[in-house]
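Hi,

Here is the structure I promised to pass on. Have a look at it first, and my notes follow below.

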Amino acid sequence: MIEFIDIQKTYGAGTIHEIKALEPLNLKIMDGEFVVLIGSNGSGKSTLFNLLAGSTQPDKGQILINKTDISHLPEHQRCLYLSRIFQDPLSGTASELSILDNFRLAALRTRKKTLKIGTSQIFRKIIKDRIAGLNLGLESKIDQPVGTLSGGQRQALTLLMAVMDSSQILLMDEPTAALDPGTSRVIMEIAGRIIREEGLTAILITHQVKDVLRYGDRLIQMKEGKILRDLNKTQKQGIQVNEVLGWFGE
Amino acid sequence: MLNLYLSAILLGLGFASLSIGIFISMRIFNIPDITTDGSFTLGGAVTAVLLSSGWNGWFVLPLVFLTGAGAGAITGLIHTRLKVNALLSGILVMTALYSINLAIMGKSNIPLINLPTIFSSFSFFSDSMLLQLTVLGIIILILWIKVSWLLKTDFGLAMRATGNNETMVRALGVNTKNMKTAGLALANGFTALSGFLITQVQGFADINMGIGIVILGLGSVMIGEIILKLFRVSAITIHLLGVIGGSILFRIILAFALSAGIDALYLKLVVAVFVLLVVSIPNLKRTE
């Protein structure tokens, strides 16, 4: 369970550029819940993500994961709990390393990277099988540098890498914003499948209304650092495209 | 004439360790590390002083590596903990090292005439040049195998990914600050090791032996990469081999320039112009 308790974040406090990114905010997300997070630019969605992942620190308040306070844990230690998919499809993989090497690092996300060669034949076999499951034909290219692949292919690999090691929470910040519609659909389908199969707690930030309707079992809309709407699965089911579009004008 | 090229290969092998150091800092971590100038001389200074006081060269070797690594670690700590620009951190440590090196040496030049070196502990060839070539060749071969292995381990992968995509690596649970510090330590350890080798090849250590050496290393790395591009290989083991080959080739080119009549006075100018060419030619092509 993820809990935000009275979380507050202000950028440039005390200056004329002061921006209240998050008003005191309280939010509970249950295990296995797939939350879709929407809101216009500057509504605080990304700040919420960055606070959870540890790339920014809250001014006040606490963040708990499974009742453990992680508010002051550095970014690289939070990977014990969560993995992240970024908007830039290139940022989830290291371009000069091969697919295999990237997956090796992903498989060690919660563990120490020791002086041991871990890319064994057995490991190769496991990775090949998992990548074959993506149906993108990448299993024959695992020794190629990731930089030779397309953005969509890299984002698909990033998704798979996110579940290589025991993880409970998946954060996705507009994972398809930089991809063409066809590739976006493929990536979202892969994401949906992985979340279901692994039973992950997931949060998806998106501006794609179709994805808002198709994915997730809870819908949260943020505005000016506050939660404006919070709909559960049944409430979410009846929503129409126009309705969602209308919310952005409010 | 043949001797000129043989000694060029000899120097190339001696500088190969430096090139591997530059490969780690510049290519793997994307940090232009000027500490190199100081840590190379540091390696030479420690070597000359300890050999002069009767130490066995093979015991000096790990010590030299550690002092170089210490210098690199300081640059890394200044950069990652005090958040000073990487280039400036290196310049600061390099400047400080000048005084430290002078203090270690006690004078600006220490000759190693008639002192036992790592080469004199062997006698399988009577020809000293051939003997040095063999010993250096074996050292660099071991270095190549060791570094290739290191870069293929899980730790090495995390290291390579750090310079490549820091955001990702942090999300994968790597403390990138520590990783960069370790990388700079390693790089400067190899650089100091190069100072150790070159001092014994040349037969002296000099306070100015490190000036502009970072460019020499960079030139070697880039020459190696140009060769590798022709063969379209990306495996790290081969990449390192290219760096070593680049170092030797660079020395041969310089030997050729000298034998073609270029005044030794202009050697650094030739090096700078040559490296500029190597660095800029791929970019010129791209804009067309």
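**What I found**

Just after helix 4 of chain B, B:G106 takes a positive phi of about 80°. Helices here are DSSP runs of H or I with at least four residues, strands are runs of E with at least two, and both are numbered from the N terminus.

Before going on, please keep in mind that this is a predicted model, in which local features need pLDDT of at least 70 and side-chain atom pairs count only at pLDDT 80 or more, while totals for chains, interfaces and linings use all residues. Residues are numbered from 1 along each chain as its sequence is written, and chains are lettered from A and ligands numbered from 1 in the order in which they are written.

Back to helix 4 of chain B: its 20 residues (86-105) reach 28 Å from first C-alpha to last, close to the 28 Å expected at 1.5 Å a residue (that is, 1.5 Å times one less than the number of residues). Its buried residues include B:G90, B:V93, B:M94 and B:L97. Buried means 20 or more other C-beta atoms within 10 Å of a residue's own, exposed means 12 or fewer, and partly exposed is in between, with C-beta atoms placed from the backbone. Among the elements covering these buried residues are helix 2 (35-52) and helix 3 (57-80) of chain B.

A:N135 lies in the loop between helix 3 (121-132) and helix 4 of chain A, and is exposed, with 11 other C-beta atoms within 10 Å. For background, most residues other than glycine have a negative phi.

How do the chains meet? In total, 19 residues of chain B are in contact with 26 residues of chain A, where contact means C-beta atoms, placed from the backbone, within 7 Å. Helix 6 of chain B gives the most to the side of chain B that touches chain A, with seven residues. That side divides into eight nonpolar, seven polar and four charged residues. Here Ala, Val, Leu, Ile, Met, Phe, Trp, Tyr, Cys and Pro count as nonpolar, Asp, Glu, Lys and Arg as charged, and the others, Gly among them, as polar.

Best wishes

Terms used: Two residues are in contact if their C-beta atoms, placed from the backbone, lie within 7 Å.
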